[in-house]
Amino acid sequence: MTRLIRGEFTRLFAVRMHRWAVLAAVLSGGGLTGLLALIGPENATPPMPGIDTQGGAVLVIGITGVLLFVPAVIGAIGAAGEYRHRTIATTYLAEPRRGRVLAARLTVYCVVGLGYGVIASLTSAGALGAAAVLRGVDLTVSAADLTGLLIRLAVAATVYTVLGAGVGVLVRNQLVAVGIVVGYFYFLEYILLIVPGVNAVYPFLPGGATASLTSFTFVTNTVAEQTASAGPSLLPAVAGAAVLVGYAALTTGLASVLSLHRDIT
């Protein structure tokens, strides 16, 4: 297994995707948080709590959760890449036990997702601190609350990367896999959220579970205000984490079953 994992890392770092992944993590974390913190959420329309409050600091950090589809896209592109470049046959010739290959691949994408999440979280925290200094604002958010939120965001990024990798193995076509991930997380979930009645399922969808895990209620609150409805109630953070892990387990389980039996030619 160690040899397979090393091989997956070698394949991953042989292309430029890891550089783009680091850049995406910095922009999604530090870039987005820094921009919002510098502008000041209290200057938004409608106004939101300022970063000098507990709620405002959590908001500008938690907003990075809306871009968690990015690590899912990275996972999908990476996992489907071997089918695009037709190197999967060579891989299976070197290791005919496909289950071990898939297990090694998912292990690698767990590490990649965790690395993405750590970079995004650390740069997000750094951007919040830098913006506070530049604006002369004192942060009142507690270190424990901030650290807990950053850890939850990193965990969420890990799960999304594995989820995306599962989609990539299932679909095997990079463009289709990216289309599914972006289309679902960026469009379909939000459409489901704004449809009265149907939005009751939102807490059990990946986006709703992520909002529960990261305590990011801005989107659901905004939709509730705009639609003059109560909006869906999010799950507890632990339940949200369990739902997210369940989706990743379901996707990778299906990918495992199909990859063990289907033709690769």
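Reader: What is the volume of the largest cavity, and what makes a space a cavity?

Author: The largest cavity has a volume of about 220 Å³. On a 1 Å grid over the protein atoms alone, a cavity is a set of points where a 1.4 Å probe fits but cannot get out, and lining residues have an atom within 4 Å of a point. Grid points are joined across faces, edges and corners, and the volume is the space filled by probe spheres set on the points. By this rule there are two cavities of 30 Å³ or more.

Reader: Before we go on, what kind of model is this?

Author: It is a predicted model, where local features need pLDDT of at least 70, side-chain atom pairs count only at pLDDT 80 or more, and totals for chains, interfaces and linings use all residues. Residues are numbered from 1 along each chain as its sequence is written, and side-chain values use heavy atoms, with hydrogens and water left out.

Reader: Which residues of the lining are closest to the centre of the largest cavity?

Author: Of the 19 residues that line the largest cavity, those closest to its centre are Gly65, Val66, Tyr190, Tyr202 and Gly207. Helices α8 (174-194), α9 (206-214) and α10 (218-227) each supply at least two residues of this lining. Helices here are DSSP runs (H or I, at least four residues), numbered from the N terminus.

Reader: How does the lining of the largest cavity divide into nonpolar, polar and charged?

Author: There are eleven nonpolar, seven polar and one charged. Ala, Val, Leu, Ile, Met, Phe, Trp, Tyr, Cys and Pro count as nonpolar, Asp, Glu, Lys and Arg as charged, and the others, Gly among them, as polar.

Reader: And what lines the second largest cavity?

Author: About 90 Å³ of space lies there. Its lining includes Ser28, Thr64, Tyr116 and Leu153, and α6 gives the most, with five residues. That lining has six nonpolar, five polar and no charged residues.

Reader: Why is Thr251 called buried?

Author: Thr251 has 12% relative accessibility, so it counts as buried; buried means under 20% relative accessible area, exposed over 50%, and partly exposed in between (1.4 Å probe, protein chains only). Thr251 lies in helix α11 (residues 237-261). Leaving aside neighbours within four places in sequence, Thr251 is in contact (heavy atoms within 4.5 Å) with Leu163, Gly166, Val167 and Leu170.

Reader: What makes Leu170 partly exposed?

Author: Leu170 has a relative accessible area of 24%, so it is partly exposed. Leu170 sits in helix α7 and, not counting residues up to four places away in sequence, touches Thr251, Leu254, Ala255, Leu258 and Arg262.

Reader: What about Phe218: why is it called partly exposed?

Author: Its relative accessibility is 29%, so Phe218 counts as partly exposed. Phe218 lies in helix α10, and with residues up to four places away in sequence set aside, Phe218 touches Met48 and Leu59.

Reader: How do you describe two packed helices?

Author: By the angle between their axes and the distance between the axes. The axes of α4 (residues 69-84) and α7 (residues 143-171) come within 6 Å and cross at roughly 35 degrees. Axes are lines fitted to C-alpha atoms, for helices over the stretch in contact, and angles run from 0 to 180 degrees between N-to-C directions.

How values were computed: On a 1 Å grid over the protein atoms alone, a cavity is a set of points where a 1.4 Å probe fits but cannot get out, and a pocket is an open set with protein on both sides within 12 Å along at least five of seven lines; lining residues have an atom within 4 Å of a point.
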